Amino acid sequence: MDRIKTAIQKITLNDNTFSGESFEPTLINFFFGNNGTGKSTIAKSIGLPATTEWVPGAVPTDYDLLVYNEEFIINNIQSYGNIPGVFTITQQNATIKAEVDKKASAASNLRSKIKSNGEAIIAEQEKQKKIDAAYEKSIWDLTDAARSKYKETQVGFTRDKKKFVAHLEGCSPEDIDETALAQLYALAYGAEDTRYIEYRGVDASTIPTTSLLQESIVGSSDTAFAKFVHALNASGWLSQGHKAYQYEAGKKCPYCQQDLPVNFEDDLASCFDEQYKKSISELEQFVTAYKAVMNAIYSLLTKNSKNPFSCDLLPEYKAKFDLFMERAQNNVSLLKQKTDNPSQTIALPDLTDTLRELNSIIEQINAKIKEHNAVLDDRSKKQQDCIEQVWHLIAFMCKSEIAVHKSEKGRHEADIATMTQQLNQEKTNVEDLQRDIGRLNQNTVNTTAAKDSINALLKPAGFQGFGLREKPGTQYVYELIREDDEKIAKGLSEGERNFIAFLYFYHMIIGSQSDDGKTANKIVVIDDPVSSMDSGSMFTVASLVRDLIAICYNNYEMTEQENHHDHIKQIFCLTHNPYFFKEISYNRIVENECVNIYELKKLEGNKSVVTPCTHSDDCVGGGMVNYSPVKNTYDALWSEFCTAQESLSLMNVTRRILEYYFLQICGYSSGDLRTELLDKHQKDFEATLPDGSVDKTDYNLASAIIAVLNIGARGFNDGLYFDISATQPSQIRSVFKTIFFAAGQQQHYYLMMNLH
């Protein structure tokens with residue numbers, strides 16, 4: 001169910017124990033909370049520019065804000081009873097009244113125009129808001145891909161479209177190279193923060209060379225067998241076979257299995273002279289060195305491949321690495337052919353060009369590694385550069401949309417500014433008319449009715465022998481005097497002083513404190529008006545507050561038969577007293593459209609919160625409805641038990657709780673209760689002192705408490721002699737707790753004390 005909005009539509013609290021706490025008041029607003037929960041802070045904050053938001057078209061000068069709190073009492077009840085003037089308009093000169101009515105009519109017509117123009121301005125502003133929202137959504141959708149791609153640069157702008165667009169409009173558009181930007185983003189916001197070692201290059205000069213590969217290595221012996229072998233060009237084959245099988249074959253040929261000649265070894269040796277052996281040895285050494293270099297290069301390049309650094313050059317590196325190894329293996333195969341057949345000439349392909357290309361790739365990879373490591377050393381600067389470039393790019397993407405919207409919005413805002421200027425002039429004219437009315441009314445103020453009314457209320461409330469009179473020689477100043485000797489009354493109690501102050505406050509609202517106040521609308525704030533008052537004064541104040549609430553309610557529905565005023569446009573009532581709260585709110589709780597009820601609570605960390613007292617309506621129609629935070633009289637007694645400071649008051653509350661719970665609910669008689677508690681659980685109320693004696697202080701106090709059950713409400717027990725005023729409240733509370741525990745009712749005690 002929507003609540004009526006009037007005058008003040010929102011209050012945000014940040015002082016004392018409040019932090020960012022806000023609520024949205026309606027016509028009539030009740031607040032209930034214990035002392036220290038922030039009631040006074042709320043009362044002082046209402047109407048302040050920093051905390052108060054007014055409904056569209058309303059300004060603070062439209063209302064008189066009247067606040068009753070301790071500050072009001074101090075400022076208005078001074079020197080034992082001097083009260084600043086009370087004004088009300090009752091009689092008017094006929095000529096002045098006609099002029100006032102004329103000006104009032106003109107002011108009324110202007111107010112109608114102000115309302116109409118204000119509504120038109122609001123409509124235009126709402127129209128612009130919708131245009132802005134559509135524009136912001138289009139920009140948001142248009143930039144979705146870029147914002148997602150460069151997500152880390154959008155911190156603080158990922159949810160609020162309005163905030164994002166406002167920032168974007170302040171960025172200059174630039175056509176950024178997206179390829180370079182993507183690389184910068186990857187460097188600045190890469191997930192890893194590992195520093196990498198650089199790849200090692202290959203020194204091609206370490207690859208050995210020899211001229212033996214182009215030479216045919218053969219022996220120079222001229223024996224018949226040697227000539228035969230040379231003629232077959234089989235010296236290599238023969239040498240290879242001899243090395244492989246000379247020990248396994250024994251004296252037989254490993255190929256034909258015939259017995260070898262006796263002089264075979266000599267004939268074989270004759271085929272290979274010293275030069276041949278030397279060349280073969282050099283060839284073998286070269287092959288060994290060549291393979292060692294190839295293995296070393298392979299090991300180095302393989303180690304490079306295991307470097308965890310990742311970049312787009314790795315596939316090219318691997319391909320070149322594989323090509324090199326393929327050519328290296330081919331060269332090794334050629335060398336094997338040479339060693340198998342030394343007489344064969346071979347030419348090894350040069351690997352230098354391949355290694356040069358591979359080293360070029362390694363240098364490029366190392367450049368990226370250096371750049372990566374440099375980013376780690378200066379990542380914050382890279383990130384800032386990346387953020388700026390991304391915003392420039394997005395601004396460039398939306399350049400035309402932003403330009404069109406700014407142009408159209410500028411024209412619309414100019415129209416609204418013209419309308420606002422006209423509205424302000426109309427308000428100025430109303431203020432001028434109001435000042436004229438005030439000057440005309442200065443001579444028509446009559447204070448007698450207000451003074452008489454206050455005096456009439458003092459006697460029924462128990463203030464016998466006191467009255468108000470105008471201070472001689474001082475206009476609009478009153479004195480509280482004793483009727484018997486007409487001397488200024490001194491020594492008023494705090495409750496009496498507060499009551500007089502509230503009666504004055506009440507007539508400020510019913511009448512006015514300004515000469516032209518009859519036509520002024522009012523916002524009323526009442527903060528704990530019944531502090532230190534007795535029951536008679538409290539009842540009177542509650543009745544007067546209900547009258548003020550009724551005037552405010554007339555703005556919602558004119559149902560009050562005895563009061564047709566509606567100049568109280570909004571009212572706030574704050575109290576810690578559950579009885580007073582029930583008295584002023586019982587007939588308004590069901591008015592869900594124009595009444596708000598709040599409970600003030602203090603959380604851990606000394607933080608206060610404002611909690612709306614609403615719950616879901618189970619009846620047909622549903623919606624949220626009000627409920628009272630003051631549950632019932634019994635709950636109120638427990639609340640007063642927790643806050644009472646004086647022993648006599650606390651003893652009275654204790655008696656009423658025990659009498660209601662144990663006698664009415666549990667069914668004990670006072671005699672039975674004494675037997676069950678004091679006789680059977682006497683030791684629970686006694687303490688043994690260090691000297692061995694028994695302290696019966698708590699026992700005696702418990703006896704006194706039980707003795708007054710069903711007596712305090714009717715009279716006195718002549719046999720009871722106990723000075724309760726000498727007992728500390730803390731001791732009364734301790735004994736009270738022990739009574740519940742001795743009776744086995746600790747769960748009820750915990751429940752009512754809100755303890756776990």
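Tyr-634, Ala-636, Leu-637, Trp-638 and Phe-641 are the buried positions in H19. Here, buried means under 20% relative accessible area, exposed means over 50%, and partly exposed lies in between, with a 1.4 Å probe and protein chains only. Contact is taken as heavy atoms within 4.5 Å, and helices (H or I, at least four residues) and strands (E, at least two) are DSSP runs numbered from the N terminus. The model is a predicted one, so local features need pLDDT of at least 70 and side-chain atom pairs count only at pLDDT 80 or more, while totals for chains, interfaces and linings use all residues. Residues are numbered from 1 along each chain as its sequence is written, and side-chain values use heavy atoms, with hydrogens and water left out.

Turning to the aromatic rings, the structure holds 38 pairs. Rings of Phe, Tyr and Trp (its six-membered ring) pair if their centres lie within 6.5 Å; planes under 30 degrees apart count as stacked, over 60 as edge-to-face and the rest as tilted. Ring pairs tie Phe-662 and Tyr-668 into a cluster with Trp-638, Phe-641, Tyr-661, Phe-736, Phe-740, Phe-741, Tyr-749 and Tyr-750. Trp-638 and Phe-641 are among the buried residues of H19.

Some rings also have a charge over the face, meaning that NZ of Lys or CZ of Arg is within 6 Å of the ring centre and within 35 degrees of the ring normal. Arg-588 does this with Tyr-553, at 4.5 Å from the ring centre. Lys-696 lies over the face of Tyr-699, at 6.0 Å from the ring centre.

Next come the nonpolar cores, each a set of buried Ala, Val, Leu, Ile, Met, Phe, Trp, Tyr and Cys residues joined through side-chain atoms within 4.5 Å. The largest has 47 residues, and the members that touch the most others are Ile-28, Phe-30, Phe-502, Phe-505, Ile-526, Val-545 and Ile-571. Leaving aside neighbours within four places in sequence, the contacts of Phe-30 include Ile-549, Cys-573, Phe-581, Ile-584, Arg-588 and Tyr-598. A second, separate core of 37 residues includes Ala-204, Leu-213, Ile-297 and Ile-369.

As for salt bridges, the count comes to 23, with a bridge defined as a side-chain nitrogen of Lys or Arg within 4 Å of a carboxyl oxygen of Asp or Glu. Lys-162 pairs with Glu-136, with the closest N and O atoms 3.3 Å apart. This pair links distant parts of the chain, as Lys-162 is in helix H5 (161-169) and Glu-136 is in helix H3 (94-142), 26 residues apart. Glu-136 is buried, at a relative accessible area of 12%. Arg-356 and Asp-353 bridge at 2.6 Å, N to O, and both belong to helix H12 (352-377), three residues apart, about one turn of the helix. Arg-356 is exposed at 51%, while Asp-353 is partly exposed at 46%. Within H20, Glu-659 and Arg-655 lie four residues apart, about one turn of the helix, and their side chains meet in a salt bridge (3.7 Å, N to O). Both Glu-659 and Arg-655 are buried. Salt bridges with shared partners also join Asp-132, Lys-409 and Glu-413 into one network.

Ala-7, in the segment before strand E1 (8-13), has a positive phi of about 55 degrees although it is not a glycine; Ala-7 is buried at 1% relative accessible area. Asp-528 also has a positive phi, near 45 degrees, and its place is the loop between strand E9 (521-527) and helix H17 (535-553). Asp-528 counts as buried at 15%.
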